[in-house]
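Hi there,

Here is the structure I promised to pass on. Please have a look at it first, and my notes follow below.

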Amino acid sequence: QVQLVESGGGLVQAGGSLRLSCAASGGTFSTYVMGWFRQAPGKEREFVAAITGSGSTTYYADSVKGRFAISRDNAKNMVSLQMNSLKPEDTAVYYCAARWGVLISARTASRAENYDYWGQGTQVTVSS
């Protein structure tokens, strides 16, 4: 059983930056693909970014490509999401997720139902 705890959310002005972190415990961290998803009020949960077990491959939603960067530190069992040039439409609850298996296709990585474990979420609010 893997436990995930997100942190780093908050209120920021448009154009600003935030860094989200997700601490994992209960499993061999490097054997999990890690993903970030978000859910805005009244909307479905959507894919943001994912990273393979070694960190060698990353995937991003088109809406965040060039602005967000996912990274991981397997020695610390942590995955992070650096968010720059934030926009009001980035406002959502951001969730960290884990899927067993070191490799993953872009299509599989982008679908929430393919992840086994989820954190409780952290709120990100971007004001205009």
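How many bridges pair S9 and strand S10 (residues 117–118)? Two, and the two strands run in the antiparallel sense. Within that pairing, Ala97 stands opposite Trp118 in S10.

Before the rest, a word on conventions. The model is predicted, so to speak of local features a pLDDT of at least 70 is needed and side-chain atom pairs count only at pLDDT 80 or more, while totals for chains, interfaces and linings use all residues. Residues are numbered from 1 along each chain as its sequence is written, and side-chain values use heavy atoms, with hydrogens and water left out. Strands are DSSP runs of E with at least two residues, numbered from the N terminus, and two of them pair if DSSP finds at least two bridges between them.

**Around S9**

S9 (residues 92–100) also pairs with strand S4 (residues 32–39), antiparallel, over eight bridges. There, Trp36 has Cys96 in S9 as its bridge partner. Strand S11 (residues 122–127) is joined to S9 by three bridges, again antiparallel, with Tyr94 partnered by Thr122.

**The four-stranded sheet**

An open sheet has the strand order S1-S3-S8-S7, with antiparallel pairing. S1 and strand S7 (68–73) are at its edges with a single partner strand each, so one side of each has no neighbour in the sheet. From one strand to the next the twist averages 15 degrees (axes are lines fitted to C-alpha atoms, with angles from 0 to 180 degrees between N-to-C directions). Five bridges link S1 (residues 3–7) to S3 (residues 18–25); among them, Glu6 pairs with Cys22 and Val5 with Ala23. S3 and S8 (residues 78–83) share six bridges, including Leu18 with Met83.

**Salt bridges**

Counting a side-chain nitrogen of Lys or Arg within 4 Å of a carboxyl oxygen of Asp or Glu, there are five salt bridges. Asp90 is buried at 0%, whereas Glu46 is partly exposed at 35%.

Glu113 and Arg111 also form a salt bridge (3.1 Å, N to O). Shared partners join Arg38, Glu46, Arg67 and Asp90 into one network.

Best wishes

Key
Buried < 20%, exposed > 50% of the residue type's maximum accessible area, 1.4 Å probe, protein only.
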